[in-house]
Amino acid sequence: MGFLSRIRRLVSGQPQLAGGIMVYAPVNGEIVAIEKVPDVVFAEKIVGDGIAIAPKGDTIVAPIDGTIGKIFETNHAFSIESPQGLELFVHFGVGTVELRGRGFSRLAEEGQEVKVGDPILSFDIDFLKDQVDSLLTPVVLANMEDVKYLDKAQGSVTAGKDAIFTVQL
């Protein structure tokens with residue numbers, strides 16, 4: 001997949017980015033190490049490397065400019081791809097899939113072009129905190145094979161305003 005992603009970028013004439021791609025917080029909250037997520041798929045970086053956010057608020061926004069790939073039927077997670085070929089996966093909480101969409105609303109559609117900060121999903125944090133194992137929200141790079149460098153931020157973040165990591169492809 002990494003090889004094909006690089007070929008696709010070359011064929012499309014996308015320029016190499018000096019300094020990397022900034023990925024912004026998709027939700028307000030506090031950055032937590034991905035290894036602390038109580039789900040082996042995220043903690044062991046099986047789906048990719050990244051960070052998690054202990055969320056606040058009620059909205060998940062686009063962390064990069066790009067195209068929404070898949071929004072899960074249960075509205076708890078989505079994928080997004082940047083024009084440079086960066087593939088991100090945002091997954092709200094652990095155990096949220098079992099809720100079958102309760103506590104979530106879709107604000108955008110698959111295939112939609114979005115800018116950083118555009119709303120994608122909304123959630124009812126008061127309902128969810130009593131229903132799931134964890135509210136930690138992983139934000140992971142799904143195409144780590146294309147990543148040369150990943151610089152992770154720390155601390156409190158505001159959705160659509162604060163960078164959570166910088167990626168060099």
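This briefing describes the salt bridges of the structure above. The model is predicted, so local features require pLDDT of at least 70 and side-chain atom pairs count only at pLDDT 80 or more, whereas totals for chains, interfaces and linings use all residues. Residues are numbered from 1 along each chain as its sequence is written, and side-chain values use heavy atoms, with hydrogens and water left out. The count is six salt bridges, each defined as a side-chain nitrogen of Lys or Arg within 4 Å of a carboxyl oxygen of Asp or Glu.

**Network and the link between strands**

- A network of salt bridges joins Glu 35, Lys 45, Asp 49 and Lys 152.
- Within this network, Lys 152 pairs with Asp 49 at an N to O distance of 2.8 Å.
- This pair connects distant parts of the chain, 103 residues apart: Lys 152 belongs to strand β12 (residues 149-152) and Asp 49 to strand β3 (residues 49-56); strands are DSSP runs of E of at least two residues, and helices are runs of H or I of at least four, numbered from the N terminus.
- Asp 49 is buried at 13% relative accessibility, while Lys 152 is partly exposed at 31% (buried: under 20% relative accessible area; exposed: over 50%; partly exposed: in between; 1.4 Å probe, protein chains only).

**Pair within helix α3**

- Asp 126 and Lys 129 form a salt bridge, with their closest N and O atoms 3.5 Å apart.
- Both residues lie in helix α3 (residues 125-129), three residues apart, or about one turn of the helix.

**Pair of Arg 106 and Glu 109**

- The closest N and O atoms of the salt bridge between Arg 106 and Glu 109 are 3.8 Å apart.
- Arg 106 is partly exposed at 28%, and Glu 109 is likewise partly exposed at 45%.
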